[in-house]
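Open the model in your viewer and follow along.

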Amino acid sequence: MRTLTKLDGDSSRARQELHDHIQGSGPLARHTVDSTGQRQAGSSSFHESAEKHVTGKAAYIDDLVLPADALHVALGLSPVAHGTLTQLDLSKVKEAPGVLDAITFHDVPGHTDIGPVFPGDPIFVDQEISYAGQCLFAVAATSLQAARRAVRLAAISIDEQPASLDPVAATEREEFVRPTHVQTRGDWQQALTQAEQIIEGELFIGGQEHFYLEGQACVVHPTEDEGVIVHTSNQHPSETQKLVAEVLDIPFHAVTVEVRRMGGGFGGKETQASPWACIAAIIARRTGKSISLRLPRSEDMRATGKRHPFYNRYRLAIDAEGVIQGGEITVIGDCGYSPDLSDAIVDRAMFHADNAYSLGDAQVVGHRAKTHTASNTAFRGFGGPQGMMIIEAAMDDIARQIGEDPLTVRKRNFYRDGREVTHYGQQVDQRQLLHTLVETLENDSDYWARRKAISDFNAASPVIKKGLALTPVKFGISFTAQHLNQAGALLHVYTDGSVMINHGGTEMGQGLHTKICQVVARELGLDLNKVRITATRTDKVPNTSPTAASSGADLNGMAARDAASKLRERLFDFAAEHFTEGLDREGMRLEDGMLVAGRGESERRVPWGELVQTAYLNRISLSEKGFYATPLIHYDRSVGQGRPFYYYAFGAAVTEVSVDTLSGEYLVDRVDILHDVGDSLNPAIDIGQVEGGFIQGMGWLTSEELKWNDKGVLLSDGPATYKIPTFGDLPAIFNVSLLEGHPNSMASLYRSKAVGEPPFMLGISVWSALRDALSSLTGYTVSPHLDTPATPERVMLAANTIRGKAL
């Protein structure tokens, strides 16, 4: 008994210590519920699945209950990056215990090319092998272990050939997955000829693995006709529906794709979730059984594409004040072996090669290099971050050349009156907002006082050097493919007054479903708990666009608002005619769960439930569909000019770092962020997106290094060799604020702005701060060359190089 008492006492003390730690030195969760309001759009609210997430009730693909006779699939992947498949004998595979089916290229009943936009992505290798990790065959067995064991029994012969892994060399050989594109405005050659000064530089920008917590996974059930039902972790259900139907050679309506939630996506499940659904669907139809396919992490990383690595260079004309007069920028995207989405991704890198700065008379050229790696694909920012990096490098380089602070040079080059048109012909609206935001952050973060303190510290510290940088973000919001800028929604009101909304967007943890529910609650004057959302399904809302390009809330929210407002007006019309007290149609509104008509003494109120019941009994439809298409956008690719973006989102970050210039190790000491989301739909979720986007961007530029061997085999294929940021990498001081009082100038959803991708590029400030710290080794006279990711090894080598230049 005494032992038990002691245990209880220890347990109690430990719990108290933990409680004190959480209340004291540890970070506190924000109170996300606005107790004064109804948690409608515009107010903070917790994620609609938050409780399910923390209790483990949220169902992901691997949580779905399978029939007892379901089969599990394992894949045979190419061990070489380039060659010809000369033999593929699966006879021993098919004889292995538990195996029911094994399929290759020749077993596909319909289309064998599943390229999402352009051809070039075979579902299986026929003869030519284009990257290490390419799918050769698939095996279905009664257990996953049996399928994996059987894969190793395949007899494979490959005539291996040298792999092309250098995008710059591929560009010189004109080996492209898509043609080169050029954007030109003004006489850029004359600007260089007449320049007071010319500055030039180059930069390699590494790729990035999506590293979603839930890997690529799907479950496919055959239906009683020729079709299938596909449960998939997927950002683009309609595209998967199309590809599965084409692979099976059946109509689109025979395929239903459902997505309730993803355990992360970041672009990696926009196109590259479809192949696995197609493979599973073929086997489901062949065997008549349910199929589960989930890639192990190492296979996921080898078989799927990454963020495009880029090699960029610039040559700019500047005046004595460091203001850009014109010049040329070239971006080379390493696209991997096939087009995938690379045409649009390199386009967006070109669109954002200016970031927040007027390039003057400029030409931007974008190459799409073909290499023998997995086809690189969408990733948060969609090429925009890689494009921005080269102009941010130029800003730092200009500052060192003319002897000014980098922030001063950046502010001089911002878009401004008289210099408000981009190199692709779009006028930058709200350009003064950029100036206001940066000046506010500059003051709130004490930039100039800290700059002096850091300069003084560096002068007295020979080894540890501090760096400081403020970098802005101007990010265009819209799909660059015009037809994707549309969305639909389906709204049902049931007779008890509860509401169900469905739309074409997918939930990958970013809070999209929460915001859509808040929109409907706001339009119908209800509390959020009255509105529920269902899984995204192609048989409810068809022909949907991917949840990408930061447009999920913009597009689907407007479609949901359209459905809710049409239903609301129908109920108003009915109420004005039906209720005997003669309700005033003009002044009707829905608020606090009531239909309210009139004001003051003439005000009349009808409870929402009573209104809905009465409408139903009088045969008024309580269901509505909504639709939205983004207006105004256009882009003429033949001349490289237009208005590809509906609006721009802005932001800025100040980062302070400490660098050990002997070892290259460094700490991110403090980060201050001010970000523009217009009138926020949900401040709590938006701040979370800003925080997460920044940390992911910081990881891309510092620790996340992709390594291939000389034969093109990915070496960094798991968490032991690929390092994403962890809790310990958080800045010691991390201040994040949303810019208030500046609604979107365009007629967006409640004048809000997208928040998914723009914060990612705030991480550039970390890289710029590292360069600032290294530049102090030369008294800020030399700008160091620092490719990304800026690992401690690269920082150490840069420090050694720049010390030599300072001598």
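A cavity is a set of points on a 1 Å grid over the protein atoms alone where a 1.4 Å probe fits but cannot get out. Grid points are joined across faces, edges and corners, and a volume is the space filled by probe spheres set on the points. The whole structure holds six cavities of 30 Å³ or more.

This is a predicted model: local features need pLDDT of at least 70, side-chain atom pairs count only at pLDDT 80 or more, and totals for chains, interfaces and linings use all residues. Residues are numbered from 1 along each chain as its sequence is written, and side-chain values use heavy atoms, without hydrogens and water.

**Stop 1: the largest cavity.** Its space is about 290 Å³. Select Asp121, Tyr131, Pro275, Ala303 and Tyr337, the closest to its centre of the 24 lining residues. Lining residues have an atom within 4 Å of a point. Now select helix H8 (residues 274-287), which gives the largest share of this lining, three residues. Helices are DSSP runs (H or I, at least four residues) and strands are too (E, at least two), numbered from the N terminus.

**Stop 2: the second largest pocket.** A pocket is an open set with protein on both sides within 12 Å along at least five of seven lines. This one has about 830 Å³ of space. Select Val117, Leu341, Ala481, His483 and Leu484, which lie nearest its centre among 38 lining residues. Which helix gives the most to this lining? Select H10: it supplies five residues.
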